[in-house]
Amino acid sequence: MLFRSCDVDAEPVAEDFPAPPKQLPFYFDAVEICGGSGVLSKALAARGLEVCPPIDLSNSKHYDLRDLRLVEWIYQMIAERRFKSVICEPVCATFSPAQHPASRSYAQPLGFERTNPKTYLGNLIAFRCLSILWVAWRYAVIALLEQPQLSKMAWLPFWQFLLQLGFVEAITDSCVFGSIHRKPFRWLGYDLDMASINARCTGGHQHVKIEGQLTKASAIYHPGLADFIEIGRAS
């Protein structure tokens, strides 16, 4: 006599598998946006923090800030406080004072020709990163944005608006942490002890001029600088 089990399906169904014992956690102490190589993320993870994989186009085509769905997802993660802190590092490119011919000036930081593809893209990424900071402020989430000290992005009306809301600037010279370049960074932060991030060159050493192939390398945080940035609530 042949028996056929009546509890075996031809195809697997959800009921065949046990449910997770509890809700899967999806909370991060920090997320780095437009962080490129993710040096800062690695430094934060080394301290034992839960760090989201860096959201950068170089890591995945799905990490493109031009996609509004990605931006909306970041907003939602902030609103639900699944991101406890956000660090934005938009590429300065057309905002750089070294760009020649220049796309914009300090008097016209939005650009001489805003419909120019490079200028438009620079504005778009800058606006979206600055808007992420505004959303973080709205939900009382720690926020930090980085640019080279002389980036024209700091002259944008939106940047100045965030300063009026209570964001604070700080300047850090990379040479203080062992870099051969002085490479000063400008930080715009909220709910952080920004005074502790100020670290200016004290002199007594030489700086290697940034030019040619060194330009791209200098944009990456020196490991000592990455270790220095403290993500935590201001006391």
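The largest nonpolar core has 35 residues, among which Ile33, Leu65, Ile74, Ile78 and Phe83 touch the most other members. A nonpolar core here is a set of buried Ala, Val, Leu, Ile, Met, Phe, Trp, Tyr and Cys residues joined through side-chain atoms within 4.5 Å. Buried means under 20% relative accessible area, exposed over 50%, and partly exposed in between, with a 1.4 Å probe and protein chains only. Two or more residues each come from β1 (31–33), α2 (68–79), β2 (85–88), α3 (117–138), β3, α4 and β5, and α3 gives the most, with eight residues. Helices (H or I, at least four residues) and strands (E, at least two) are DSSP runs, numbered from the N terminus.

A word on the model: it is predicted, so local features need pLDDT of at least 70 and side-chain atom pairs count only at pLDDT 80 or more, while totals for chains, interfaces and linings use all residues. Residues are numbered from 1 along each chain as its sequence is written, and side-chain values use heavy atoms, with hydrogens and water left out.

Setting aside neighbours within four places in sequence, leucine 65 is in contact (heavy atoms within 4.5 Å) with Ile33, Cys34, Leu70, Val71, Ile74, Ile125, Arg128 and Cys129. There is also a second, separate core of 13 residues, including Val51, Ile87, Leu192 and Met194.

Now to the sheet. Six of the seven residues of β5 (residues 184–190) are buried, so this strand is largely enclosed by the rest of the structure.

Two loop residues are worth a visit. Leucine 150 sits in the loop between β3 (142–148) and α4 (157–165), and leucine 150 is partly exposed, with a relative accessible area of 48%. Together with Tyr106 and Trp155, Leu150 forms a nonpolar surface patch with about 280 Å² of accessible area. Such patches take nonpolar side chains (Val, Leu, Ile, Met, Phe, Trp, Tyr) within 5 Å, from residues with over 30% relative accessible area and no salt bridge.

Serine 196 lies in the loop between β5 and α5 (214–218). Serine 196 is partly exposed too, at 37% relative accessibility. Its C-alpha atom is separated by 8.6 Å from that of alanine 170, 26 residues away along the chain.

Note on methods
Patch = residues over 30% accessible without salt bridge, like charges linked within 9 Å, V, L, I, M, F, W, Y side chains within 5 Å. Areas by Shrake-Rupley, 256 points an atom, 1.4 Å probe, with all protein chains shown as cover. Salt bridge = Lys/Arg side-chain N within 4 Å of Asp/Glu carboxyl O.
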